[in-house]
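Visitor: Could you walk me through a few pieces of this model? I'd like to start with a strand.

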Amino acid sequence: MSYIDRIAEPGYFAENRMPAHSDHRWFADEQELQTGTSSFEQCLNGRWKFHYAANPAATVPGFEAPALDDSGWSEIRVPAHIQLEGHDRPQYVNTQYPWDGHEAIEPGQVPMRFNPIASYRRRFTLGHPLAEGERLSLVFKGAESAVALWVNGQWIGYAADSFTPSEFDITDALVEGENLIACQVPKWTSGSWLEDQDFYRFSGLFRDVVLLRRPRAHVEHLDVCTDLADDLARGTVSVETTFFGEGRVAAELVGVGTLTAADDKLTIDVDNPRLWSPEDPHLYTLRLEVFDGDGTCTEIVEQPVGIRRFAIEDGLLKLNGRRIVMEGVNRHDFGLDGRVMTREQTEADIVCLKQHNANAVRTSHYPNNTWFYELCDRYGLMVIDEMNLETHGMWDKIIRGQATIDDALPGDRPDWHDVLIDRADSMVNRDRNHPSVVMWSCGNESFGGSNLLAIAERFRELDDRPVHYEGVHWDPRLPQTTDVTSQMYTSAADVEAHLAEHRDKPFVLCEYAHAMGNSFGAVGKYVELAEREELFQGYFVWDFADQAVALRDRFGEPYLGYGGDCGERPHDAEFCGNGLLYADHTPTPKLLEMKALYQPYAIDVQRDRISVRNRLFFTGSEAHTFTVVVSREGLVLERHGLEVSVAPGRSVELPLPVSLPELANAQYEAGEYCIDVSVTLAEATEWAPAGHEVAHTQGVFVVDAPATEPVSLPAPEVVEGIHNIGVRGEHFEALFSRTQGGLVSYVHGGRELMVRPPMPNFWHAPTSNEQGWQMGFHDGQWLLASRYARMVSDDAANLSLERGEHDVSVTYRYELPTAPVSHCTVTYRVGGDGRVEVHAVLDPAEGLSDAPEFGLAFIVPAELDQLVWYGQGPHESYVDRQASTTVGIWEAEVADQLTPYLRPQESGSHTGVRWAKVTDEHGLGLLLDCEATMDFSAQHWTPAEVENAFHEHELPPVHKTVLRPAMMRRGVGGDDSWGARTHKEFCLPTGQRLDFRFAFRGIG
């Protein structure tokens, strides 16, 4: 019977596959160890011969035979996904199974009409022929979804777990000289029912393929354990080995001493050990030398060891005896080459997380490449290591009432038990020696049942780390499955309410703050809750980076594609765009917000004092440098160092080296002052140089001036025409139309600065979160109000004109097509110097929803493409996401103001804007200002144009600049992206009059 006849059996997941073992490396001698190049390893990455078949029936019979002529076959890169190499197509689905609606199959069964089979062939010659007693294995570190192997035409075996190594002993199939590897990788097997993660569906050999030579005396598996005395003053390092061949092991903890044998272990005590933590990820080196029966050293192993204790103590998650909070991120192992991630790319991701103040990662939702854990050990990140399990599609079936709890997968089904335990073993036995791994996770979104409990019990049998599983929240029959209470996307208020009544376990949000598109609002509420609720001990952003594929449109233009863009069906559109980073792993503004919220110091700045609370768990403030900078309206005036001494978890209040008065004096003239406190690394670390900023806080204060008499200006000239009212001064002319309902012209310095009349605006392109709760359906009347307002007029001459001593006011009254009708009034008060003060008043009809925003939209020439503003910056900000911005004078090009989220949407706005200049390259343009502050946006497209584009490259050519000063724009929200609204305090009020004032004038 062929393997292909058994791929629909849940119990068929391994044939002749070697048992999982630790991921240590071994070297022949000291020189190899120092260079990091082992003669026991031979990498087979590169170009392989390749055949694609749409289903098993279309494969080449006898493809594994050495005599087969494969000269007509194509070639493919290894590692790579076949869907990114021109075969099949990428498919993004979230909760849906990829075959849903195409073939009617039950759990365990596989599609047969379309189930691509990738056939690979690769010839190799051993770089080091096998010596007597040596064995050779072939390792596929990632094969999605399974791999069947032949060597020199001989059947070797089969393995099905996409995300842990599949290793086979091929010694007995070798021949002298050139050998042939032939393997097949089916896209879907029974195991694919367990791999319904929220990601792109690919297949192929996507991680390294390596030959491993085992010397005649070899350590096959290491189990390193560390124990700490209660007072942490003494640690014990022990190691158990699984041995291949005959011989012995000598072990040394470098810099400490030699390990001695005790109870089948090698152990050593360490006095006053330097403990591993995310803040100080110190690693000892355990050196093992392996000797054969003749006393010859056959291999050397060096295993990094972190001495630490992570456990639930006194009902709390504690690291080295101290309560910790995991401020983390969910991370798919994904880049622009899909799940083909290099060590260098992975390292860059980890450095990025450290530089942005994260201390934890959840491997959503499968084990990562082994170097990920090595790097987390080294750089200092706590890891929730998650088993390769998600059956969200079947869970959906239960939620939708199409199935009962008895149908849950894996649930209580006995035929799925063994494959799950195998996946648990594979992960734990590979990853157990990594100090960064602090918890095991049973998987993701797979409901509950006895099989999940069996996984948890297997974890506990193998290791003493706490066990995590969120599905118990939905199926609470077996609460002992998880050692922590874990939920997803619960609001901070609901977390607090839960903990008021349930105090039996630490609480972790394994996913929160769904960062889809322009999102990540009001996240500070969670951070604040963890500060005062000791049982709230972790939160992991969903997720690290957008998943996207690089595509070209029909005109050859490059763009980043998401679900459906490759022609795949079913798909889940841009739901893969949830990243704190863009798809190319550059930071979005959301990542900067996370850095600000996760920063290690909570700082409050007053006019003359500062309070500092150290949020770190093990590190005092001596590791950082504090600097105070004083500026007035963007101009830096003073810079001072500040001595701060505060222990971890403690607070201190200190006088500042500056004291701002309430009223102007000889030292401080009137104006707005900012006191910025910057905290930087005093010394370089593995992940950042000295001077890298880890925290920043700003206080903003006004120094008042003595009261003065206002300066009087001459009134402008007014021309009352038949259809227009003209207002002019020395350098400007404004024209108000009686028929077109607005300011149709504003000329400054001989240049027309209005393309279209400014109009009241209440709408913006829906964000991903707003799409999720169907903003268009609930708020659509505000879209109509923005596009189809009309003047309140029975007579074209009905326009209010009021002449003052020093100015002229023109008022328009609009009816808005809401049900019932709403009203908006806009008054332009024009001074003799060309300054136009705008007063907009909205009277919403009863029962309307909150408007997405309230302000005016200006259409001005496209040449006005240079933006300078005084307000929150330098990146976009919203009322519920501005912790990462500071008040200052910032410059940007209008072309860069539409933040490049995967799907175009509302973005690029700035809060707290006092004034903004939009000019051409010569400085001619408009200055807008607000006596209080306003939200301000300048882009080249209208909200409608942004909303209509599915991708950034679909936006129309630039013909204008769109300015949108606003009283307020709705916060971005982000508790989740499928129904959660923006928190009420970050929305415009309803059922009451709204009043917005700002001004503009020509400059240059």
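Visitor: How many of the ten residues in β63 are buried?
Guide: In this predicted model, seven of the ten residues of strand β63 (residues 994-1003) are buried, so to speak mostly covered, where buried means under 20% relative accessible area, exposed over 50% and partly exposed in between, with a 1.4 Å probe and protein chains only. Strands (E, at least two residues) and helices (H or I, at least four) are DSSP runs, numbered from the N terminus.

Visitor: Which way does β54 pair with β63?
Guide: Strand β54 (residues 836-843) pairs with β63 in the antiparallel sense over seven bridges, and two strands count as paired if DSSP finds at least two bridges between them. Valine 838 stands opposite phenylalanine 998 of β63.

Visitor: And how many bridges join β59 to β63?
Guide: Five bridges join strand β59 (residues 925-936) to β63, and these strands run antiparallel; leucine 927 stands opposite arginine 1001 in β63.

Visitor: Before we move on, what are the ground rules for the numbers?
Guide: Residues are numbered from 1 along each chain as its sequence is written, and side-chain values use heavy atoms, with hydrogens and water left out. Because the model is predicted, local features need pLDDT of at least 70 and side-chain atom pairs count only at pLDDT 80 or more, while totals for chains, interfaces and linings use all residues.

Visitor: Switching to helices, at what angle do α7 and α8 pack?
Guide: Helix α7 (residues 492-501) and helix α8 (residues 524-532) pack at about 25°, with their axes 9 Å apart; axes are lines fitted to C-alpha atoms, for helices over the stretch in contact, and angles run from 0 to 180 degrees between N-to-C directions. That makes α7 roughly parallel to α8, a label for angles under 35 degrees, with over 145 roughly antiparallel, 65 to 115 roughly perpendicular and the rest oblique.

Visitor: Which residues make that contact?
Guide: Ala492, Val495 and Glu496 of α7 meet Lys525, Tyr526, Leu529 and Arg532 of α8, contact meaning heavy atoms within 4.5 Å.

Visitor: Last topic, in what order do the strands of the seven-stranded open sheet come?
Guide: The order is β1-β10-β9-β12-β6-β3-β4, with antiparallel pairing. At the edges stand β1 (14-15) and β4 (74-78), each with a single partner strand, so one side of each is left without a neighbour in the sheet.

Visitor: How many bridges join β6 to β12?
Guide: Nine bridges join strand β6 (residues 117-125) to strand β12 (residues 178-186), which run antiparallel, and arginine 121 stands opposite alanine 182 in β12.
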